Amino acid sequence: LNYKYMTSQQKQNKDILIKLIQATTQEEVTYLINTENFFKNAKWLPYGNQENNAGTIKAQSPDPVGALVEKITNGIDALLTRMCWDNKIDPTASNAPQSQGEAIKKFFGQKVADFNLTDKEIREIASKTVRIIGEGSTDKPTISIIDFGEGQHPNDFSKTFLSIGGSNKIKIKFAHGVYNQGGSAALKFCGNGYQLILSRRAPNMRNGAEDLWGFSLVRERYEQGFKAEWYEYCIIDNAIPSFPYEPLKILPNKEVFKGGSFVRLFSYTLKNPNFYITGQREKELAREINKRYFSMPLPIQIDELRTQL
């Protein structure tokens with residue numbers, strides 16, 4: 001680990017992030033919460049700034065694959081938004097693409113918009129859009145959803161990743177997300193509600209803010225005396241944990257992650273948890289996703305890292 005130019009708290013932040021990414025079950029996350037000094041010093045705030053938030057969160061998608069599709073949708077939205085700014089276009093302006101199809105045609109070309117691609121071209125594009133990684137146990141895999149989009153600065157987590165019902169995308173015509181609720185739909189399918197969010201704001205979108213990785217862990221909480229559970233996320237020193245930017249070797253095969261968003265869903269409940277089953281293609285996760293997406297706007301990549309199914 002490169003600790004150059006880091007404060008002692010930033011070093012501890014990076015340490016716990018790496019441990020959380022290495023954890024592949026909810027039990028491992030619980031152990032870290034119970035034993036690590038980071039969590040002994042952490043505070044927990046209600047998700048969406050709503051103390052009684054479980055009703056809103058659990059009232060969303062009853063389908064775990066549908067909740068995953070929400071994450072994919074958010075990733076594609078983030079990618080197209082970043083590409084707008086890369087091309088010096090304000091995504092809310094009148095000269096921005098007015099639909100998702102128009103955005104894909106503008107930034108990827110007609111061939112991609114028509115999905116008229118060879119297998120090689122599909123693999124090349126998919127590796128740069130949204131990736132889904134399965135790890136951990138056979139019945140409840142830990143699933144990571146990675147996009148290479150706009151990302152968020154730690155100062156903005158509470159208004160984006162950790163908010164409910166905001167208006168983040170309502171003026172962006174090509175973004176499919178509208179109500180700022182789908183991002184939390186997956187929480188009820190995570191073991192203990194554990195969801196790790198890691199992000200770095202795209203360099204040309206920071207507006208002078210410090211170049212930082214930010215992250216937080218979400219969990220479900222219940223205490224005696226309360227009528228219902230709630231969801232909360234951790235902060236340290238009254239802020240989202242962060243540390244100075246550097247490329248992170250956290251993708252499969254020690255690939256480097258340089259920016260975008262990395263969301264990790266621990267011990268995720270799926271009706272058909274096998275990503276690939278020879279001869280039973282109706283149970284493949286890719287097929288399940290396609291059934292709910294109807295028309296996948298961009299190719300995505302699925303990496304199955306579990307060795308025993």
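Select Arg 264: its side chain reaches the backbone oxygen of Ala 23 at 2.9 Å. Keep in mind that the model on screen is predicted.

**Stop 1: around Arg 264.** Show the secondary structure. Arg 264 lies in strand E10, residues 260-265. Is Arg 264 buried or exposed? Its relative accessible area is 0%, and under 20% counts as buried, so Arg 264 is buried. The side chains of Arg 264 and Glu 135 make a polar contact at 2.7 Å. Next, display what Arg 264 touches, leaving aside residues up to four places away in sequence. Leu 20, Ile 21, Ala 23 and Thr 24 are among them.

**Stop 2: aromatic pairs.** How many aromatic pairs does a search of the whole structure find? It finds 9. Start with Phe 38 and Phe 39. Their ring centres are 5.0 Å apart and their planes stand at 85°, so this pair is edge-to-face. Both Phe 38 and Phe 39 are buried.

Phe 215 is buried, like Phe 38.

**Stop 3: an aromatic cluster.** Select Phe 148, Trp 213, Tyr 245, Phe 257 and Phe 262 together. These residues form one aromatic cluster. Stay on Tyr 245 and bring in Arg 200. Arg 200 lies over the face of Tyr 245, at 3.5 Å from the ring centre.

**Stop 4: another arginine over a ring.** Select Trp 44 and Arg 219. Which face does Arg 219 lie over? Arg 219 lies over the face of Trp 44, at 3.7 Å from the ring centre.

**Stop 5: a pocket.** Finish at the second largest pocket, which holds about 300 Å³ of space. Its lining has 14 residues. Select Ile 122, Ala 286, Asn 290, Pro 299 and Ile 300, the lining residues nearest the pocket's centre. Then colour helix H8 (119-126), helix H9 (285-293) and strand E11 (301-304). Each of these elements supplies at least two residues of the lining.

Technical notes:
Residues numbered from 1 in each chain as written. Predicted model: local features only at pLDDT ≥ 70, side-chain atom pairs only at ≥ 80, totals over all residues. Heavy atoms only, no water. Phe/Tyr/Trp six-rings, centres within 6.5 Å; stacked < 30°, edge-to-face > 60°. Buried < 20%, exposed > 50% of the residue type's maximum accessible area, 1.4 Å probe, protein only. Lys NZ or Arg CZ within 6 Å of the ring centre and 35° of its normal. Helix = DSSP H or I, 4+ residues; strand = E, 2+ residues; numbered from the N terminus. Polar contact = N/O pair within 3.5 Å; in protein donor to acceptor, adjacent residues only side chain to side chain. Contact = heavy atoms within 4.5 Å. 1 Å grid on protein atoms, 1.4 Å probe; cavity = no way out; pocket = protein on both sides within 12 Å on 5 of 7 lines; lining within 4 Å. Points joined across faces, edges and corners; volume = space filled by probe spheres on them.
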